[in-house]
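Q: Hi! Could you walk me through the packing in this one?
A: Happy to, let's take a look.

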Amino acid sequence: MRGDRLYGRGASDDKAGVETHLAALRALTASGVADPDVGIALFIEGEEEFGSSSFPALLGEHTDLLRADVIIVADSDNWSTTTPALTVSLRGNAAFNLKVSTLDHAMHSGVFGGAAPDAMLAAIRLLATLWDEDGSVAVPGLETYTDIQAAPYSEEEFRADAAPLDGVRSIGRGDINARRWFQPSITVTGIDAPSVLNASNTLLPSVRVRISARVAPGQSAADAYAAVETHLRAHAPFGAVLEFGDVSLGDPFLVDTSGWAFAEAGSALSDGWGESVIHQGIGGSIPFIAELVRTFPEAQILVTGVEDPDTRAHSPNESQHLGVLKRAILGEALLLSRLNGRS
């Protein structure tokens with residue numbers, strides 16, 4: 001504990017979301033609703049950060065148990081520590097491994113350097129083609145979603161939340177929230193290569209990288225992946241050999257904001273937080289939501305959250321603001337109580 005925040009890897013994403021559901025159910029029973037009229041199924045999904053590969057089979061096996069009119073996923077963000085948000089869109093994800101090979105075996109960089117193209121040179125040249133000079137994605141076929149107006153977000157707010165170093169500029173073009181929510185992005189999240197500590201004067205025969213592409217709402221993850229693969233194959237330098245593997249796809253999601261449950265959730269969160277709820281997009285992905293939509297097309301899916309701009313999810317110093325957690329629990333407890341009355 002430091003001030004109002006509880007620090008620990010995964011403290012917010014996803015442990016606090018699970019605790020929000022549990023505590024909201026405890027609050028519901030403590031308020032006197034020991035046997036609610038509304039049916040409630042609680043499911044804790046443990047693979048969300050790793051693509052949810054087991055989820056489709058599990059949904060098929062337990063469809064009747066998990067079938068619902070309303071599905072609440074507490075795995076998103078809030079506008080601030082005092083203002084709640086309902087997520088109306090999520091980007092999808094297309095992640096894969098790319099192996100770049102140029103030589104049959106490693107060789108001395110002094111003897112053959114300048115003539116033999118090593119894999120690191122080829123990989124750097126190839127990866128650089130994924131972005132324009134301003135950092136915008138430069139892959140033909142990756143789409144931008146334009147049907148929703150992004151909430152205002154200033155350069156000053158961005159710098160306070162993202163914490164770029166002095167002199168470091170934001171990348172991309174257009175409104176900052178539109179870049180984060182409705183445009184594609186590409187990130188190299190890992191590289192298999194010798195470390196600086198173990199470096200030697202060697203031309204590398206192959207280099208492997210992990211690439212993560214965020215997919216704008218409205219485009220399938222499969223189409224986005226195909227566009228990136230086509231681009232990389234077309235730009236392989238020096239005749240480098242490319243191998244693709246371990247592909248993980250998750251489709252983006254758009255919330256139907258016209259449903260009665262969405263309005264009910266907005267009212268409950270506003271009352272629980274004491275502030276009007278904001279509708280926002282999220283640049284991250286929750287792949288299993290697309291599976292829920294496919295399995296339960298009639299269900300209304302509500303994406304609520306326990307995070308705030310300073311949560312720093314996935315970092316070693318991730319934290320959960322306890323005031324946010326308390327208000328998120330209260331908001332969900334109010335929603336469950338009102339759904340119980342509605343039934």
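Q: What does isoleucine 289 touch, leaving out residues up to four places away in sequence?
A: In this predicted model, isoleucine 289 touches Val73, Leu90, Phe253, Ile301 and Val303, leaving out residues up to four places away in sequence. Contact here means heavy atoms within 4.5 Å.

Q: Which residues of the largest nonpolar core touch the most other members?
A: Val73, Ile289, Leu292, Ile301 and Leu302 do, out of 37 residues in that core. A nonpolar core is a set of buried Ala, Val, Leu, Ile, Met, Phe, Trp, Tyr and Cys residues joined through side-chain atoms within 4.5 Å; buried means under 20% relative accessible area, exposed over 50%, and partly exposed in between, using a 1.4 Å probe and protein chains only.

Q: And which element supplies the largest share of this core?
A: That is α9, with six residues. Helices (H or I, at least four residues) and strands (E, at least two) are DSSP runs, numbered from the N terminus.

Q: Okay, and the second core, what's in there?
A: It is separate and has 27 residues, including Leu98, Ala123, Leu130 and Leu204.

Q: Switching to voids: how many cavities of 30 Å³ or more are there?
A: One. The volume of the largest cavity is about 80 Å³. A cavity is a set of points, on a 1 Å grid over the protein atoms alone, where a 1.4 Å probe fits but cannot get out; a pocket is an open set with protein on both sides within 12 Å along at least five of seven lines, and lining residues have an atom within 4 Å of a point. Points are joined across faces, edges and corners, and a volume is the space filled by probe spheres set on them.

Q: Which element gives the largest share of that cavity's lining?
A: α11, with four residues. By class, the lining has five nonpolar, five polar and one charged residues. Ala, Val, Leu, Ile, Met, Phe, Trp, Tyr, Cys and Pro count as nonpolar, Asp, Glu, Lys and Arg as charged, and the others, Gly among them, as polar.

Q: What about the second largest pocket, how much space lies in it?
A: About 940 Å³. It is lined by 36 residues, with Ala41, Leu42, Phe43, Ile71 and Ile72 nearest its centre. β2 gives the most to this lining, six residues, and the classes are 24 nonpolar, four polar and eight charged.

Q: Which rings cluster with Phe43?
A: Phe55 and Phe288, linked with Phe43 by ring pairs. Rings of Phe, Tyr and Trp (its six-membered ring) pair if their centres lie within 6.5 Å; planes under 30 degrees apart count as stacked, over 60 as edge-to-face and the rest as tilted.

Q: Last one: is histidine 279 buried or partly exposed?
A: Histidine 279 is partly exposed, with a relative accessible area of 43%. It lies in strand β11, residues 278-282. Histidine 279 touches Leu86, Val88 and Phe262, not counting residues up to four places away in sequence.

Methods: Residues are numbered from 1 along each chain as its sequence is written. This is a predicted model: local features need pLDDT of at least 70, side-chain atom pairs count only at pLDDT 80 or more; totals for chains, interfaces and linings use all residues. Side-chain values use heavy atoms; hydrogens and water are left out.
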